[in-house]
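Subject: Two-chain model, handover and findings

Hi,

Here is the model for you to open. My notes follow below it.

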Amino acid sequence: MGSSMEILEVRQVSKTYGVGANQVRPLNNVSLKIHQGEFLAIVGPSGSGKTTLLNIMSGLDRPTEGAAYLAGLDISAMDGNTLADFRRDSIGFIFQSYNLIPVLTVFENIEYVLNLQKIPKSERRKRVKEILETLGLKDMESRFPRELSGGQQQRVAVARAVVTEPKLIFADEPTANLDSTTGSHLIQFMKELNQTRGITFVFSTHDSHIMSEAQRIVSIKDGQILSDSFK
Amino acid sequence: MFWRIALRNLFRNKRRTLLTGLTMWGSYILSSMTMGLVGGTYGFVIDQFTRGSSGHLQILSQGYLDRPSLQNSLPHPNEISSQVQQALGQELQGLAPRLEAGGLLVSGKEVLGVQIIAIDPVQEKQTTRLLQQIQGGSPWNGTNANNGIVLTRDLVERLKLTLGKDLVLMSQGADGSLGNDRFKVIGIMNEGASTVYLNMNKAQEFLSSQEVATRMIITLKDLNHTDEALKKVRLLFPDKDIQPWMVIEEEFYRAMKSDQSAIFLTMGIFLFLAAFGVLNTVLMAILERTREFGIMRVLGTQDKQLIFVIVLEQILLSLTMCLFGALTAGFLNIFLSEHGIPYPAPIEIGGMTLHHLYGSLNWSNMLYPFIVVVCSSAAVSLIPAIRSARLPLVKALGER
Ligand SMILES: Nc1ncnc2c1ncn2[C@@H]1O[C@H](COP(=O)(O)OP(=O)(O)OP(=O)(O)O)[C@@H](O)[C@H]1O
Ligand SMILES: [Mg+2]
């Protein structure tokens, strides 16, 4: 890709759980650089360490060894509240199980982070409306998550991740709970946002269809990078 | 937004919210009613007791309480009277002088040391119920106005006297002179041990203490105004010793206090148990949503914001339930202050036998339960709230 601005780097990251004979090491000395605008898939068998790696890259978890740098900042050294602000302002998250806030409507779920950012009401409305339109969720804005299908919920989750215009969105198996048609629609949305807004996407997947859409595939096994290929 | 989340969370598990809410409601009513009944019943007992003899306030000469003596008396009781009347105005029920001294009672071959208390029957009647406790008609009337004496039942029995009998009383006057005089038994006082009562006019002459009193007894229309009245009277006579009934009748006051603290302790234990019940349901509600709170944190919600949302939920609930509680308990307290509830077995408090318990309604028995219930609800949710905010994110997201 043209852009070579580095947005994320993990340097010799390892993660260990437990002690002695019970010790497990889901990540073993992993180093990776990700550039602005990439659409990157992390693939590997179940238990290979995909989630662990994503969590460390996004600042949800801390590495046992090594460090993670997001936009040049060492996130493994940040305290909880600084990290919370950093996530709020610079990162979007999409999860396998949608994870919308059940007591908030579609509109309010998308508005939530803008609210945390203390963006004025009229501006919030404008941005939420716009993203609802883009993702074809206009008619559902006052519904609660339980009144939506899985695919619709995941689209709301994408809208929530995108609305703050983050530099980077992490998605841990975003299509695993969806049927293949809904899943590939969702990937199309994500790809569109990647191309039109230049948002960097880092996602993990088992899904061969998604893998084929990715522009870079990092394959891991037993906590180590097996291959790293660009299209 | 946080308010919206907190409020909507309350309606998620309606049964649980109802259960928690009812516990809060019950706790409020329990504490408010206990306070109301204790306040009402003890208030009733204290009122009866103080109006019996001690009054609500007393004016004394400095040092008199420690060393009672005729030499240390209050001059011009009438002047003190009119000043107090002016200062207290409508609040004042009555005000009466008393003159006290030691004496010897001689009857036949028996000689007994007694406490002499002289009262002004007219003023005493407006002030306390002392006269009503005297058996044998209205004393100090007509021919007996001067030489009538009232003895306690105890003395009458010890000296084997009856109404109409004569006896001799001896005492030392304020000027040091020894006086003795013949008196006629005209009444029997039901309470007390070695005390005799004389008419004020006669006693002042007998004790060479014209125009003086040793105490001024003040009763107010409302016992609860004692503290304010005390301040006013103290301002009026900075050089005198003004004491409320709590000091004058210290033993009685302490007995009342310790009785009440026992009741409040029991109430405290009940409240503690109730708080424990609330803790249980709140804990469940919060643990169940660990993942959801984790998501809120992932999205950038700060620790203190998350704690706020969680605690706010319980505060909103407890505020609402307290309002309902206030309505219910307020109504019950008013009803009970007017009608009382019959108590199955008569109870004795402070030497008084009661067949009814009385309620009372005032700011403190509405406000304190409010504070207690709301604060403990907040405290109970604070612990799991802090846990939710401190839990490592990966763990929070992993829990379902
Ligand atoms: N908290 C933990 N304690 C102990 N072991 C853990 C913990 N979290 C993860 N692991 C282990 O780390 C390894 C990697 O887990 P991870 O969730 O990263 O795999 P994954 O590639 O995301 O798998 P999947 O495709 O099933 O989601 C697994 O063997 C898992 O059992
Ligand atoms: Mg995983």
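B:Ala326 counts as partly exposed, because its relative accessibility is 21%. (The scale: buried is under 20% relative accessible area, exposed is over 50%, partly exposed is in between, with a 1.4 Å probe and protein chains only.) B:Ala326 sits in helix H11 of chain B. Helices (H or I, at least four residues) and strands (E, at least two) are DSSP runs, numbered from the N terminus. Beyond its neighbours within four places in sequence, B:Ala326 is in contact with B:Tyr28, B:Phe331 and B:Met366. Contact means heavy atoms within 4.5 Å. B:Trp25 is 301 residues from B:Ala326 in sequence, yet the C-alpha atoms are 8.7 Å apart.

Some ground rules. This is a predicted model, in which local features need pLDDT of at least 70, side-chain atom pairs count only at pLDDT 80 or more, and totals for chains, interfaces and linings use all residues. Residues are numbered from 1 along each chain as its sequence is written, chains are lettered from A and ligands numbered from 1 in the order in which they are written, and side-chain values use heavy atoms, with hydrogens and water left out.

The interface

Chain B puts 23 residues into the contact, and chain A puts in 24. The area buried between them is about 2,200 Å², with 60% from carbon and sulfur atoms. Buried area here is the accessible area (1.4 Å probe) that two parts lose on being put together, summed over both. B:Met1, B:Arg8 and B:Leu299 supply 27% of the area that chain B buries against chain A, more than any other three residues.

There are 10 residue pairs in polar contact between the chains, both residues at pLDDT 80 or more. A polar contact is a pair of N or O atoms within 3.5 Å; within protein, one must be able to donate a hydrogen and the other to accept it, and residues adjacent in sequence count only if both atoms are side-chain atoms. On the chain B side, helices H1 (2-10), H10 (290-298), H11 (303-339) and H13 (393-398) each give two or more residues. H10(B) gives the most, with six. The chain B side divides into 10 nonpolar, five polar and eight charged residues.

Two salt bridges cross the interface of chain B and chain A. A salt bridge is a side-chain nitrogen of Lys or Arg within 4 Å of a carboxyl oxygen of Asp or Glu. In one of them, B:Arg4 meets A:Glu108 at 2.7 Å, N to O. B:Arg4 is partly exposed at 37% relative accessibility. A:Glu108 is buried at 11%.

A salt-bridge network in chain A

The whole structure holds 29 salt bridges over all chains. A:Glu38, A:Arg216 and A:Asp228 are linked in a network of them. A:Glu38 and A:Arg216 meet at 2.9 Å, N to O. A:Glu38 lies in the loop between E2 and strand E3 (39-43) of chain A and A:Arg216 in strand E9, so the pair ties together parts that are 178 residues apart in sequence. A:Glu38 is buried, at 2% relative accessible area. A:Arg216 is also buried, at 3%. A:Asp228 reaches A:Arg216 at 2.7 Å between the closest N and O atoms. A:Asp228 is partly exposed, at 35%.

Strands E9 (216-221) and E10 (224-230) of chain A run antiparallel, joined by six bridges. (Two strands pair if DSSP finds at least two bridges between them.) Two residues lie between these strands in the hairpin, and A:Asp222 takes a positive phi near 50°.

A buried lysine

A:Lys15 lies in strand E1 of chain A. A:Lys15 counts as buried, at 9% relative accessibility. Its side chain makes a polar contact of 3.2 Å with that of A:Asp61. Strand E1 (6-17) pairs antiparallel with E2(A) over seven bridges. Both belong to an open sheet of four strands, ordered E2-E1-E4-E5.

Best wishes

How values were computed. Nonpolar A, V, L, I, M, F, W, Y, C, P; charged D, E, K, R; others polar.
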